[in-house]
Amino acid sequence: MSFCELHVHLYGCLTAEKLFEIGRNNPSPRWSIFTDLYEKVHGKHFDVLNFFDKYGDIQKFKELYFFNRRAPFIEFQSKFNLIIAFSVFDKNEISSVACDTLLEHFRQGIEHVEYRLMYSPRETKANYLEKTLAACEGLQKGEEKSGGKISGRMVVSLPRAGNYQENYHWLKEFMEQHNVIKKYLVGIDFCYIEEGFPPDEKRDFFQEVLKDNQAESSTTFSILYHVGESFADKTPFSAVRWILESAEYGAHRLGHCIALGVQPQNFFGKSIMETVSERTKQLRYELDHYESIREFGGYFSRNYLVSELDKLKHANPETQIEIKMDQQTINYLNTFQEFGMSHIQKFPSVIESCPTSNLYIGMIDDLPKHPLKRFVKNGLKVCVASDDPGIFDTTLQNEYELCKAIGLSENEIDRIKRNSFVYKSEYLSGRK
Ligand SMILES: [Zn+2]
């Protein structure tokens with residue numbers, strides 16, 4: 001059976017060979033981007049003299065580049081910085097990376113891929129166009145070289161802060177002016193650090209995109225949203241709510257959603273801080289959905305929630321408060337997640353689950369505890385994806401292999417594979 005890949009970042013797909021080539025052809029790699037963090041992580045100097053001779057043995061280069069074990073996020077960033085240091089990120093490189101990556105995915109038996117690409121938040125409109133065109137043309141070229149046996153599509157990752165509205169309007173305009181962009185560009189995404197960017201800030205924007213999709217079905221955008229992957233700024237309860245809100249506001253696919261299915265016991269004994277404003281939103285949400293939540297198990301009493309809310313009435317919204325994750329709270333988290341996994345099915349959103357990524361940089365320490373298992377048992381709409389397969393040294397096929405270790409049956413895995421084709425951006429956004 002062939003594969004459909006719906007969650008990869010284009011530059012995170014770079015093979016060691018391709019990255020090495022990019023670096024060697026770059027007359028002035030921005031070494032310090034890589035070496036500064038490398039030295040911080042490893043506590044030793046990194047000498048870049050004669051780098052391409054020293055690492056000419058690709059095996060040696062792979063050791064430097066691959067992030068293929070569980071380690072703190074900073075180590076992932078330090079390896080990813082090698083990509084940033086080596087890339088020129090001009091139109092020729094983007095086009096060549098898009099074309100070669102698509103052909104690599106074709107060789108791996110993939111039939112359809114959506115690639116995400118992020119620009120600097122300070123990029124001008126002219127550069128935005130040039131790079132978007134280059135990526136789309138690169139994909140077109142790759143498709144031709146494969147004899148039309150693979151299709152590649154493009155998604156632009158917009159900055160969570162920054163001018164995402166303006167960037168979206170540019171993209172919409174480019175689509176109307178350039179047929180190649182109209183064909184290949186299919187969605188927008190929000191990725192990178194999610195802490196500090198609640199989905200309710202994006203509600204009006206999502207509404208606008210959905211309205212535009214309805215108004216003009218030949219230039220629709222899917223809304224892809226990384227959420228519930230990393231939530232150091234709030235309780236797992238609030239993190240689950242962020243996922244549910246993203247679905248309610250109309251995101252078509254949600255990246256990771258670890259909080260929704262992670263083992264509650266992971267949090268046992270921890271003290272978690274969140275702001276008064278976050279806590280207030282959470283308590284209100286729990287009261288608004290109280291009856292439904294209670295259907296899934298024991299929970300805080302309604303009186304307790306009301307009194308907690310009352311205590312915060314005059315507090316500064318930015319003040320941090322501490323929530324203790326005792327055994328009872330852990331049990332209630334399980335109830336809230338079970339409610340969440342039922343509630344999310346009222347919306348069309350599909351969860352993109354990335355086993356290796358969650359194992360190496362997420363909070364999953366063991367594959368049988370991966371949230372995908374709970375998602376599937378509860379009948380959620382999911383697809384499996386590889387996120388940054390180049391740097392993680394994985395393939396989509398390998399991610400599906402890992403599904404067995406997670407505990408999914410052959411039938412369940414086959415169903416996910418098949419459904420992935422139905423969850424393409426063009427379908428979900430109603431492109432005609
Ligand atoms: Zn991602």
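These legends describe several views of one predicted model.

**View 1. The whole chain and its overall size.**
The secondary structure of this predicted chain consists of 22 helices and 10 strands. Along the principal axes, its C-alpha atoms fill a box of roughly 65 × 55 × 45 Å. A compact globule of 432 residues would have a radius of gyration near 22 Å, and the chain agrees with this because its own value is 22 Å. Of the 432 residues, 42% count as buried. Taking contacts between residues at least 6 apart in sequence, 84% join residues at least 24 apart.

**View 2. The two assigned domains.**
The domain assignment divides residues of the chain between domain 1 (3-11 + 93-266 + 349-428) and domain 2 (27-85). The C-alpha centres of domain 1 and domain 2 are 26 Å apart. Where the two domains meet, seven residues of domain 1 are in contact with 12 residues of domain 2. On the domain 1 side, the elements that give two or more residues to this meeting are α17 (355-360) and α19 (389-392).

**View 3. The largest nonpolar core.**
In soluble globular proteins, nonpolar side chains tend to be buried together. In this model the largest nonpolar core has 104 residues, and those touching the most other members are Ala98, Met154, Ile243, Ala259 and Val382. Helix α11 (residues 236-248) supplies the largest share of this core, with seven residues. The core takes at least three residues from domain 1 and at least three from domain 2.

**View 4. The surroundings of Val382.**
Val382 is one of the core residues that touch the most other members. Which residues is Val382 in contact with, leaving aside its neighbours within four places in sequence? They are Val350, Ile351, Ser353, Leu372, Phe375, Val376 and Ile416.

**View 5. The crossing of helices α1 and α4.**
Helix α1 covers residues 16-25 and helix α4 covers residues 58-65. Their axes come within 10 Å and cross at roughly 95°. Angles from 65 to 115 degrees count as roughly perpendicular, and α1 and α4 are therefore roughly perpendicular to each other. On the α1 side, the residues that meet α4 are Ala16, Glu17, Leu19 and Phe20. On the α4 side, Ile58, Phe61, Lys62 and Tyr65 meet α1.

Technical notes: Residues are numbered from 1 along each chain as its sequence is written. This is a predicted model: local features need pLDDT of at least 70, side-chain atom pairs count only at pLDDT 80 or more; totals for chains, interfaces and linings use all residues. Helices (H or I, at least four residues) and strands (E, at least two) are DSSP runs, numbered from the N terminus. The radius of gyration is taken over C-alpha atoms; the globule rule is 2.2 Å times the number of residues to the power 0.38. A residue is buried if 20 or more other C-beta atoms lie within 10 Å of its own, exposed if 12 or fewer, and partly exposed in between; C-beta atoms are placed from the backbone. A nonpolar core is a set of buried Ala, Val, Leu, Ile, Met, Phe, Trp, Tyr and Cys residues joined through C-beta atoms within 7 Å. Domain bounds come from an automatic or database domain assignment. Axes are lines fitted to C-alpha atoms, for helices over the stretch in contact, and angles run from 0 to 180 degrees between N-to-C directions. Angles under 35 degrees count as roughly parallel, over 145 as roughly antiparallel, 65 to 115 as roughly perpendicular and the rest as oblique.
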